[in-house]
Amino acid sequence: MLFQIFDAFKSRLHDSNSKVNQVALETMHKMIPLLKDNLSPVINMLIPAMVDNNLNSKNPGIYAAATNVIEALCQHLDNSLLLQPFCTKAQFLSGKAKQDLTERLA
């Protein structure tokens, strides 16, 4: 059930409409404290969706929402769940996104 919900939600995190994208990120930010480690089965699917275009977005609202999501993940999830997905994404990112994830890893 969790996979079905987040598989559908994931596409909103990549939406070409910036308002939809930003609301999806803000919603994800609110869900993380509620779901916490229950997100572990879908974390490898969600982190790329949250990070890929959003951390390098020129839209300040999307960038702020994406950094808030990453911060919430770090606060509410076991860090061992985040290590591998963050490392994998940091290898292939550039610019601000790479810097943001590298700082979180450190």
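This is a predicted model: local features need pLDDT of at least 70, side-chain atom pairs count only at pLDDT 80 or more; totals for chains, interfaces and linings use all residues.
Although proline 60 and aspartate 37 are 23 residues apart along the chain, their C-alpha atoms are separated by 29 Å.

At the start of α4, the backbone nitrogen of glycine 61 is approached by a side-chain oxygen of asparagine 59, which reaches to within 2.8 Å of that nitrogen.

## The helix and its buried residues

Helix α4 runs over residues 60-76 and so has 17 residues, and the distance from its first C-alpha to its last is 24 Å, close to the 24 Å expected at 1.5 Å a residue.

Which residues of α4 are buried? They are Ile62, Tyr63, Ala65, Ala66, Thr67, Val69, Ile70, Ala72 and Leu73. The buried residues of this helix pack against four elements, namely α2 (18-35), α3 (43-51), α5 (79-92) and α6 (95-105).

## Packing against α6

The axes of α4 and α6 come within 11 Å of each other and cross at roughly 20 degrees, which makes α4 roughly parallel to α6, as angles under 35 degrees are counted in this way. The crossing of these two helices is right-handed.

On the α4 side, Tyr63, Thr67, Ile70, Glu71 and Cys74 take part in the contact, and they meet Lys96, Asp100 and Arg104 in α6. Of the residues named here, Tyr63, Thr67 and Ile70 also belong to the buried set of α4.

## Packing against α5

With α5, the arrangement is described by axes 8 Å apart and a packing angle of about 140 degrees. The two helices α4 and α5 are therefore oblique to each other, because an angle has to be over 145 degrees to count as roughly antiparallel.

In this contact, Ile70, Leu73 and Cys74 of α4 meet Asn79, Leu82 and Phe86 of α5. Ile70 and Cys74 are also among the α4 residues that meet α6, while Ile70 and Leu73 are among those that are buried.

What is the phi of lysine 36? The angle is positive, at about 45 degrees, although lysine 36 is not a glycine. Most residues other than glycine have a negative phi.

Notes: Residues are numbered from 1 along each chain as its sequence is written. Side-chain values use heavy atoms; hydrogens and water are left out. The expected span of a helix is 1.5 Å times one less than its number of residues. Buried means under 20% relative accessible area, exposed over 50%, partly exposed in between (1.4 Å probe, protein chains only). Contact means heavy atoms within 4.5 Å. A polar contact is a pair of N or O atoms within 3.5 Å; within protein, one must be able to donate a hydrogen and the other to accept it, and residues adjacent in sequence count only if both atoms are side-chain atoms. Axes are lines fitted to C-alpha atoms, for helices over the stretch in contact, and angles run from 0 to 180 degrees between N-to-C directions. Angles under 35 degrees count as roughly parallel, over 145 as roughly antiparallel, 65 to 115 as roughly perpendicular and the rest as oblique. A crossing is left-handed if the near helix is turned anticlockwise from the far one by less than a right angle, and right-handed if clockwise.
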